Amino acid sequence: MVEPVVRVTHASGSYPVHVAPGLLGALGALAAEHLEGRRLIVITDRTVGRAVAHGLEAPTLVVGPGEASKSRARWGALTDRLLDLGYGRDAGIIALGGGVIGDLAGFVAATYLRGVPWLSVPTSLLAMVDASVGGKTGVNTSHGKNLVGAFHPPVAVLADPLALKTLHPAHLGAGLVEALKHGVVADAKYFEWIEAENQGLLARDPALLTRLIARSVEIKAAVVTEDEREAGRRAILNAGHTVGHAIERVTDYEILHGDAVAIGLVTEARLAHRLGLAERGLAPSIRQALERVGRPTTLRSEWADDALLDAMAHDKKIRGEQLRFSLPKQIGVMAGDRSNWTVSASRELVKEVLASARTTATLY
Ligand SMILES: NC(=O)c1ccc[n+]([C@@H]2O[C@H](COP(=O)([O-])OP(=O)(O)OC[C@H]3O[C@@H](n4cnc5c(N)ncnc54)[C@H](O)[C@@H]3O)[C@@H](O)[C@H]2O)c1
Ligand SMILES: [Zn+2]
């Protein structure tokens, strides 16, 4: 097997994440290896099914592209289809697609006959750098995203940077935002490297993307694993996400997750300055790196402060009147200690910061 390989450990075992250009071409042999002796079935979406060529011949179930497919209705229909086709406990599911397919097909695998193994083949950069680690699967409900699901890690993840050739530029950018976030929360050198290599990354240079995916997977895996000992450190992965999720809510999820997180990272860095936690120049550095990869960084005027604040109060991290955030002190170093990795701020203070984040003029 081609390097690099990162091993992700979890409570009940571990699985490898393989990152290498060309893996998809060998998918037939790799699937037979990782799901040995199993009756295979591929779950994918229509866009990926058309765009991404692979060397695997197996029955394929296709859903529509996009978040709407991450539903109980789709989960039920896929499950019924597997039952109709007579799949038994020897089934092996291959999830070929972005984060939507990983979550959906992973949840089908988690629940089918009380659980069958699945192989994760992420084809979006977000799915490669983020969703491939952690073992979370699930679907959305009308009450919110990811409210029904299961922890069911795949047997392995195969990430082929060549698959990213056909990905929409905005989706490539979304993955780069999460990668920059990994730099912000844990690795200043990595952050600087992404910024320096932005042109090559945006041009989808396979060698650069291989390095990026492997390093992001390493960082996320280390944080998630450490969390079992160091309570709550996992919260640092939410950097940019308290504001980001609020933006997604007020735009009714019209904005791309990565763009909401990009604006969230800069806004939350401003909050870190306002709280006296951040070292000089932090917010401008984050903004510059995000702009170099073509992502937005300022709040739009049509998003009202109160709507954003109400949406933030809905977020899981709320405790009483205070809002809670995972904030950086400097690139690569988050505020917090062994017992608490979130920082609280009053609604009034956050409101002030939101007002300042509507302009690029007064960055610290
Ligand atoms: N399980 C986790 O830990 C975890 C972590 C992060 C995100 N997620 C979930 O992931 C989802 C977002 O992931 P996403 O951005 O990959 O969404 P997605 O799966 O909808 O993919 C984005 C779009 O790109 C298309 N696409 C994917 N790969 C392509 C390729 N190689 N070529 C051309 N088009 C391609 C898809 O058809 C889709 O239209 C959300 O539902 C989110 O909740 C899960
Ligand atoms: Zn995210």
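At what angle do the axes of helix α10 and helix α13 cross, and within what distance do they come? Hi everyone, let me start there. This is a predicted model, so please hear every value today as computed from that model.

Here is the answer. Helix α10, residues 241-250, and helix α13, residues 305-314, cross at roughly 115°, and their axes come within 8 Å. The crossing is right-handed. On the α10 side, the contact is made by T242, A246, R249 and V250, and on the α13 side by A307, L308, A311 and M312. Sorted by class, that contact has six nonpolar residues, one polar and one charged.

Let me step back to the whole chain. The domain assignment gives domain 1, covering 5-166, and domain 2, covering 169-356. Taken over C-alpha atoms, the centres of domain 1 and domain 2 are separated by 27 Å. Where they touch, 22 residues of domain 1 are in contact with 22 residues of domain 2. On the domain 1 side, β1 (5-10), β2 (13-19) and α5 each supply at least two residues. Which of the elements gives the most to that side? That would be α5, with five residues. By class, the side of domain 1 that touches domain 2 has 15 nonpolar, four polar and three charged residues.

Ligand 1 is surrounded by 32 residues, and the closest are T47, G98, G99, V100 and S124. The elements giving two or more residues to this shell are α2 (46-51), α4 (99-111), α5 (125-131), β8 (144-151) and α6 (169-186). So how does the shell around ligand 1 divide by class? There are 13 nonpolar, 12 polar and seven charged residues.

Helix α3, residues 72-84, and α4 have axes that come within 10 Å and cross at roughly 50°. The two helices are therefore oblique to each other, and their crossing is right-handed. From α3 we have R74, W75, L78 and T79, meeting L104, F107 and V108 in α4. The residues of the contact of α3 with α4 divide into five nonpolar, one polar and one charged. If you have the structure open, W75 of α3 and F107 of α4 are among the residues in this contact to pick out.

One last pair, and then I'll take questions. Helix α11, residues 257-274, packs with helix α14, residues 347-356, at an angle of about 125°, and the axes are 9 Å apart. That makes α11 oblique to α14. The residues making the contact are T267, R270, L271 and R274 of α11, with L349, V350, V353, L354 and S356 of α14. By class, the contact of α11 with α14 has five nonpolar, two polar and two charged residues.

Terms used. Residues are numbered from 1 along each chain as its sequence is written. Chains are lettered from A and ligands numbered from 1 in the order in which they are written. This is a predicted model: local features need pLDDT of at least 70, side-chain atom pairs count only at pLDDT 80 or more; totals for chains, interfaces and linings use all residues. Axes are lines fitted to C-alpha atoms, for helices over the stretch in contact, and angles run from 0 to 180 degrees between N-to-C directions. Helices (H or I, at least four residues) and strands (E, at least two) are DSSP runs, numbered from the N terminus. Angles under 35 degrees count as roughly parallel, over 145 as roughly antiparallel, 65 to 115 as roughly perpendicular and the rest as oblique. Two residues are in contact if their C-beta atoms, placed from the backbone, lie within 7 Å. Ala, Val, Leu, Ile, Met, Phe, Trp, Tyr, Cys and Pro count as nonpolar, Asp, Glu, Lys and Arg as charged, and the others, Gly among them, as polar. A residue is near a molecule or strand if its C-beta atom, placed from the backbone, lies within 6 Å of it. A crossing is left-handed if the near helix is turned anticlockwise from the far one by less than a right angle, and right-handed if clockwise. Domain bounds come from an automatic or database domain assignment.
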